[in-house]
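Please take me through this model step by step, telling me what to select next in the viewer and what can be found at each stop.

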Amino acid sequence: MNFLFDMSMVTGNILSPPVLFFFLGLIAVALKSDLEIPQPLPKLFSLYLLMDIGLHGGHELYHSGFSWELVTVLGACFLMASIVPIYSFFILKARFGAADAAAVAATFGSISAVTFITGISFLESQEVAYKGYMVAGMALMESPAIIIGVLLYNIYGKKEQKTKKKTNWGHILRDAFFNGSIMLLVGALLIGILSGDKGWHDFQPFDSIFKGMLCFYLLDNGIVAARRLKALRGNLGFLLSFSILMPLFNAALGIGIAYLIGLSKGNALLFCLLTASASYIAVPAAMRLAIPKSNPAFTVPVALGIVFPFNVIVGIPLYYYIIQQIL
């Protein structure tokens with residue numbers, strides 16, 4: 001077993017166009033450039049990426065069908081989405097109040113679709129196969145973390161405030177299960193299954209621009225991340241440590257579970273990225289609604305400004321290297 005880390009995977013990942021465009025966004029803000037993506041477009045990029053990955057997953061499911069392996073993977077995804085916010089909450093609560101601890105913990109329990117998509121791009125560059133049903137796992141992991149985060153706040157936040165104000169669970173559950181990202185992802189997955197080979201063939205010209213759209217989206221993410229990092233001043237040391245160590249811990253758990261349930265190397269990396277990433281779109285938006293006292297200056301900058309670049313630059317090649325040694 002070779003434990004010497006292959007730096008070529010790290011440099012190869014860093015020097016890929018999508019990651020370099022992310023850096024370009026960071027540099028542009030640091031140099032006070034006027035480089036900017038017009039605001040309606042980043043939303044379109046994210047919708048395109050979710051649609052493409054959902055259709056691709058649906059087409060894969062059309063061929064592979066439903067199996068015990070799929071059920072096992074979905075069960076593992078649900079388990080990690082439920083337990084990660086719990087232990088994250090108690091670590092964060094040593095530093096923050098219940099509202100901020102619950103909101104940040106929920107982001108770690110959920111996932112980053114762009115990290116997942118970047119992982120797929122990495123696997124394709126390495127010519128490593130993966131199964132489309134991992135997309136279903138991604139869709140499943142969005143909601144439990146939101147519910148667990150709100151439950152933790154209800155238990156510990158109300159103790160702090162000594163309040164008996166009721167939680168609007170209807171709004172929370174609707175946002176957890178029917179937010180736009182989940183609707184599009186699950187809908188595209190079902191469309192991919194129903195339309196089969198003909199549907200996927202018709203979609204091919206649209207799919208061929210995937211990497212270009214990912215470059216545009218990551219360029220915008222770099223710009224947004226650089227602007228929001230300023231919000232972490234005062235807590236930067238703690239949040240920086242937490243935001244690097246927690247993905248590493250979650251990735252180790254993910255790799256262990258992948259080993260136990262017998263995932264292939266490609267599927268193991270995608271499962272690992274689902275457990276190690278943090279949401280900076282769906283969960284922060286849900287937390288603002290469900291826990292108004294939480295500070296949004298923490299959730300998005302942590303997930304987008306620290307966890308996302310760490311996973312993309314270091315995490316993906318590191319996790320895959322470990323997976324290669326174990327599986």
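Predicted model: local features only at pLDDT ≥ 70, side-chain atom pairs only at ≥ 80, totals over all residues.

Lys-198 and Asp-202 both belong to helix H10 and, because they are four residues apart, about one helical turn separates them. In general, an α-helix has 3.6 residues a turn, so residues three or four places apart point the same way. Lys-198 is exposed, its relative accessible area being 60%, whereas Asp-202, at 47% relative accessibility, counts as partly exposed.

The count of salt bridges comes to two, and the next selection is the pair Arg-227 and Glu-36, whose side chains meet in a salt bridge at 3.8 Å, N to O. Arg-227 sits in helix H11 while Glu-36 sits in the loop between H2 and H3, so this pair ties together parts that are 191 residues apart in sequence. Arg-227 counts as partly exposed at 42% relative accessibility, and Glu-36 is likewise partly exposed, with a relative accessible area of 46%.

Stay in the loop between H2 and H3 and select Lys-32, which is also found there. Its phi is near 55°, a positive value in a residue other than glycine, and Lys-32 is exposed, with a relative accessible area of 76%. As background, most residues other than glycine have a negative phi. Now move to Glu-127, in the loop between helix H6 (113-125) and helix H7 (134-140), where phi is positive at about 55° although the residue is not a glycine. Glu-127 counts as exposed, at 77% relative accessibility.

Helix H2, residues 17-30, has 14 residues and reaches 20 Å from its first C-alpha to its last, close to the 20 Å expected at 1.5 Å a residue. Colour Pro-18, Val-19, Phe-22, Gly-25, Ala-28 and Val-29 in H2, which are buried. Helix H3, residues 40-64, has 25 residues and reaches 37 Å between its first and last C-alpha, close to an expected 36 Å; after H3 comes Gly-65, whose phi is positive, near 75°.

Lys-230 is placed in the loop between helix H11 (210-228) and helix H12 (236-261) and counts as exposed at 54% relative accessibility, while its C-alpha is 9.8 Å from that of Gly-305, 75 residues away in sequence.

For a nonpolar part of the surface, select Leu-173, Phe-177, Phe-178 and Met-183, which form a patch with about 410 Å² of accessible area together. Helix H9, residues 169-178, gives the most to this patch, with three residues, whereas Met-183 lies in helix H10, residues 180-207, and counts as partly exposed at 49% relative accessibility.

Thr-299 counts as buried because its relative accessibility is 3%, which is under the 20% cut-off.

Finally, show the whole protein chain, whose secondary structure comes to 15 helices and zero strands. Of its 327 residues, 54% count as buried, and the chain exposes about 14600 Å², of which carbon and sulfur atoms supply 67%. Among contacts between residues at least 6 apart in sequence, 88% join residues at least 24 apart.

Notes: Residues numbered from 1 in each chain as written. Heavy atoms only, no water. Helix = DSSP H or I, 4+ residues; strand = E, 2+ residues; numbered from the N terminus. Expected span 1.5 Å × (residues − 1). Buried < 20%, exposed > 50% of the residue type's maximum accessible area, 1.4 Å probe, protein only. Contact = heavy atoms within 4.5 Å. Areas by Shrake-Rupley, 256 points an atom, 1.4 Å probe, with all protein chains shown as cover. Patch = residues over 30% accessible without salt bridge, like charges linked within 9 Å, V, L, I, M, F, W, Y side chains within 5 Å. Salt bridge = Lys/Arg side-chain N within 4 Å of Asp/Glu carboxyl O.
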